[in-house]
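Please consult the sequence and coordinates displayed below alongside the notes.

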Amino acid sequence: AERVEAALKAEPDASPERQREIEVTTARNSRSNTAYYDVTFSPVKSVSVYYAALVAAGDVELAQQVRQAHDQAIRIAVESVQDQVAWAKTGRHGRASASGRSTGKWEKAQGLSAVLFAHHTNRDGEPQLHGHAAVLNVVATADERLYALDGAAFRPVKDAMAAAYDRAMEAILSDLTGVGWAERVD
């Protein structure tokens, strides 16, 4: 808002169309910090329906095992990508004025920090067992300095995390409850 206000003050006689252009351009060029990355994990719909049916039938013990499998699979998924994405960009990246070369480097971080939020319905109130992992955009390097994650490395691995979750969820749920899996014909 402050940047937009300053840009508008620089052109006090701007037409309404030009004012809108200034607002859009300034907002687009403004940098914003990313506090965390939200990664959502959701099993196939049949698991959510199974969980809801167990709760409705009063089978709390078996429902808790389904929930346990889900929670454990999320942890496995997040941990599975730490080696690939727990990196920080340190120093100055981009062109350094004197040498023309970047003085920045990538440093291995100690791991990821995530807060898990569990949900059991979608926005329409239908059964949808799912969880959000809010992965903090701060990592510690070996010398305990704190930096932001290398976001370019983190964003593309969401699909890998989802695949790790799916595999873990099926295996853990089968081990805990004895359920079987089959692909639908369609």
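In which strand does H132 lie? H132 is a residue of strand β5, which covers residues 127-136. The model is predicted, and the mean pLDDT of its chain is 86, with 90% of the residues reaching 70 or more.

**Confidence**
- Within the chain, helix α3 (residues 45-57) has the highest confidence, at 95.
- The lowest confidence is found in helix α6 (residues 151-154), where the mean is 74.

**Surroundings of H132**
- The side chain of H132 forms a polar contact of 3.2 Å with the side chain of D38.
- A polar contact of 3.1 Å also links the side chains of H132 and T40.
- Leaving aside residues up to four places away in sequence, H132 touches D38, V39, T40, V115, L116, F117 and H119.

**Nonpolar surface patch**
- L136, V138 and L146 make a nonpolar surface patch of about 260 Å².
- V138 is placed in the loop between β5 and β6 (139-140).
- The relative accessibility of V138 is 33%, so this residue counts as partly exposed, that class lying between the limits of 20% and 50%.

**Backbone at E144**
- E144 belongs to the loop between β6 and β7 (146-147).
- Phi of E144 is near 70 degrees, a positive value in a residue other than glycine.
- Most residues other than glycine have a negative phi.
- E144 counts as exposed because its relative accessibility is 69%, and the exposed class requires over 50%.

Conventions. Residues are numbered from 1 along each chain as its sequence is written. This is a predicted model: local features need pLDDT of at least 70, side-chain atom pairs count only at pLDDT 80 or more; totals for chains, interfaces and linings use all residues. Side-chain values use heavy atoms; hydrogens and water are left out. Helices (H or I, at least four residues) and strands (E, at least two) are DSSP runs, numbered from the N terminus. A polar contact is a pair of N or O atoms within 3.5 Å; within protein, one must be able to donate a hydrogen and the other to accept it, and residues adjacent in sequence count only if both atoms are side-chain atoms. Contact means heavy atoms within 4.5 Å. pLDDT is the predictor's confidence in each residue, from 0 to 100. Patches are made of residues with over 30% relative accessible area and no salt bridge: like charges are joined within 9 Å, nonpolar side chains (Val, Leu, Ile, Met, Phe, Trp, Tyr) within 5 Å. Accessible areas come from the Shrake-Rupley method with a 1.4 Å probe; for residues, only the protein chains shown count as cover. A salt bridge is a side-chain nitrogen of Lys or Arg within 4 Å of a carboxyl oxygen of Asp or Glu. Buried means under 20% relative accessible area, exposed over 50%, partly exposed in between (1.4 Å probe, protein chains only).
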